[in-house]
Amino acid sequence: MAAPSRKERQACWGARDEYWRCLDAHAEDAALCLRLRNSFEASCPQQWIKYFDKRRDYLKFKENFEAGQFQLSESTTNS
């Protein structure tokens, strides 16, 4: 796979940012952001999509943890 050009990278990042803003605006309801998700997937290499999805999950977890909204699961507390 050839490295994306600068223009392709910017298109990918822009599509990712629009999709993430949509998720933020609609309380993580991915069904409302399906068109933007498709644009994101069409604009980015598959490897990048996996990375960005994992990064968003981590950033949301970190945000909730730092805000004190993280709850240990029952399986963790019973260990």
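How many salt bridges does a search of the whole structure find? The search finds seven, where a salt bridge is a side-chain nitrogen of Lys or Arg within 4 Å of a carboxyl oxygen of Asp or Glu. This is a predicted model, in which local features need pLDDT of at least 70 and side-chain atom pairs count only at pLDDT 80 or more, while totals for chains, interfaces and linings use all residues. Residues are numbered from 1 along each chain as its sequence is written, and side-chain values use heavy atoms, with hydrogens and water left out.

**Two salt bridges of Arg56**

- Start with Arg56 and Asp24, which form a salt bridge whose closest N and O atoms are 2.7 Å apart.
- Arg56 lies in helix H3 (residues 46–66) and Asp24 in helix H1 (residues 6–25), so this pair ties together parts that are 32 residues apart in sequence. Here, helices (H or I, at least four residues) are DSSP runs, numbered from the N terminus.
- Arg56 also forms a salt bridge with Glu28, with 2.5 Å between the closest N and O atoms.

**Buried or exposed?**

- Arg56 is buried, at 8% relative accessible area. Buried means under 20% relative accessible area, exposed over 50%, and partly exposed in between (1.4 Å probe, protein chains only).

- Glu63 and Lys60 meet through their side chains in a salt bridge, at 3.9 Å from N to O.
- These two residues are three apart in helix H3, which means that about one helical turn separates Glu63 from Lys60.
- Glu63 is partly exposed at 45% relative accessibility, and Lys60 is partly exposed with a relative accessible area of 24%.
- Through salt bridges that share partners, Asp24, Glu28, Arg56, Lys60 and Glu63 are joined into one network.

**Backbone angles in the loop**

- Most residues other than glycine have a negative phi.
- Ala27 is not a glycine, yet its phi is positive, near 50°.
- You can find Ala27 in the loop between H1 and H2, where this residue is exposed, with a relative accessible area of 68%.
- Glu28 is not a glycine either, and has a positive phi of about 65°; Glu28 lies in the loop between H1 and H2.
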